[in-house]
Amino acid sequence: MRVLQVATSYPTSEADPTAPFIRSIARALVSRGHELQIVTPHRDEMPATTSEQGITVTWVRYAPISALNVIGHGRSLENDARIRASALVALPLFLGAAFVAAARIARYWGPEVVQSHWVLPSGLPGALVAQAQGIPHIVSLHGSDMYVANARRSYQAAARWVLRSAKHVTACSNYLVERAIHLGVSRERVHFLPYGVDSTLFWARDSGPAISPFPVVLAVGRLVEKKGFRILVDCANGFLDTHPEAELWIAGEGDDRSALEEAISRKPPGLAERIKLIGRVEWPRIPELMRQASVCVVPSINDTRGNQDGLPNVVMEAMSCGAVVVATDIGGASAVIESGATGFIVPAGDGARLAEAISMVLSNIEIRDRVGAAASVMIRSRHTWHIVAEQLETMFRA
């Protein structure tokens with residue numbers, strides 16, 4: 001099938017850690033014999049189009065000045081909680097340009113289905129093109145889009161129209177499923193579809209001591225409030241004091257970095273030196289970090305403005321690498337982790353419980369080996385990108 005996708009973000013290279021799951025979905029669909037055209041906002045110095053086997057990406061230019069080149073790619077929201085003023089100005093420019101680009105592709109290429117990643121803003125041009133061409137539209141929800149939909153009445157009305165006109169809606173957490181139903185989508189058209197992993201990259205190390213010569217507690221993600229990294233730093237004494245050789249590594253960049261640096265600076269000097277913000281990590285290095293870790297932490301919270309994660313892909317990637325994941329009960333983590341068997345779930349925002357769980361995993365190599373191995377087997381058998389693509393294909397053909 002020919003599939004036209006509209007996406008707010010897409011990685012610019014193999015090393016780019018921005019929304020690599022969108023590329024993974026595309027490649028998995030191509031491996032099943034489909035062809036894809038993807039429309040996404042222009043970023044950096046990308047050419048008008050880029051191509052690989054079965055996939056052509058159109059990088060839509062929409063901003064008359066560089067200061068307005070802020071749609072998608074983690075640039076539209078400040079700390080993932082407030083829509084930037086520049087994004088409000090740029091949004092109609094992008095919507096118009098994306099519609100023109102997608103409509104042009106639809107006319108000469110003849111797609112059989114349109115898939116929009118994120119209901120806003122991608123879903124608007126996606127829905128309009130699908131209606132104009134008389135073909136089905138599928139919307140995939142990823143988390144921040146539903147937060148944006150609730151930011152203003154006009155955005156909520158737009159999201160409601162897009163979702164109600166869609167043939168199918170996929171959501172990576174049960175929370176997002178319920179939000180879509182709240183906006184008027186019938187339950188039978190909303191499908192819980194967790195992300196997948198590339199098992200050729202995220203493979204598990206052999207059991208036994210971690211690769212690192214000292215215990216590493218690893219967290220990976222954008223440094224924004226909803227990721228819960230402030231709580232992780234605040235409670236770090238609870239597991240670093242009892243494990244004096246351990247270090248906490250937080251990989252990623254974002255608007256919350258200065259707040260995290262300030263929180264670290266308030267720690268006793270000897271302990272502060274063992275909490276490291278290691279910055280942006282290129283995509284191919286992430287599996288290596290996960291295989292070094294004794295425990296991977298996903299401390300997501302419902303932030304002060306009501307934004308929360310869907311299902312962070314880092315959960316399943318770490319599990320696939322055989323790392324023990326300690327995650328909170330926010331978003332979709334509970335749907336893929338059986339607490340005590342394939343990882344551990346703790347209440348969101350409870351620093352004491354989070355530290356207790358991390359410390360317990362650090363103290364027990366038998367638990368690390370058993371739980372990590374079970375997690376890897378489960379993810380690699382149930383949650384690969386090939387399986388995700390197969391489920392999407394069923395919706396496309398329906």
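Biologist: Which residues of helix 1 are buried?

Modeller: This is a predicted model. Buried means under 20% relative accessible area. In helix 1 the buried residues are P20, F21, I22, R23, S24, I25, A26, A28, L29 and V30. That is ten of its twelve residues, and helix 1 is mostly covered.

Biologist: What is the general idea behind reading sides of a helix?

Modeller: An α-helix has 3.6 residues a turn, so residues three or four places apart point the same way.

Biologist: How many Å does helix 1 reach from its first C-alpha to its last?

Modeller: The span is 17 Å, close to the 16 Å expected at 1.5 Å a residue. After helix 1 comes G33, with a positive phi near 100°.

Biologist: And how is a pocket found?

Modeller: Rolling a probe the size of a water molecule over the atoms shows where empty space is left. Here the second largest pocket has a volume of about 240 Å³. It is lined by 15 residues, and the closest to its centre are S24, R27, D198, T200 and W385.

Biologist: Which elements give two or more residues to the lining of the second largest pocket?

Modeller: Helix 1 (20–31) and helix 16 (385–397). The largest share, five residues, comes from helix 1. By class, the lining has five nonpolar, six polar and four charged residues.

Terms used
Residues are numbered from 1 along each chain as its sequence is written. This is a predicted model: local features need pLDDT of at least 70, side-chain atom pairs count only at pLDDT 80 or more; totals for chains, interfaces and linings use all residues. Side-chain values use heavy atoms; hydrogens and water are left out. On a 1 Å grid over the protein atoms alone, a cavity is a set of points where a 1.4 Å probe fits but cannot get out, and a pocket is an open set with protein on both sides within 12 Å along at least five of seven lines; lining residues have an atom within 4 Å of a point. Grid points are joined across faces, edges and corners, and a volume is the space filled by probe spheres set on the points. Helices (H or I, at least four residues) and strands (E, at least two) are DSSP runs, numbered from the N terminus. Ala, Val, Leu, Ile, Met, Phe, Trp, Tyr, Cys and Pro count as nonpolar, Asp, Glu, Lys and Arg as charged, and the others, Gly among them, as polar. The expected span of a helix is 1.5 Å times one less than its number of residues. Buried means under 20% relative accessible area, exposed over 50%, partly exposed in between (1.4 Å probe, protein chains only).
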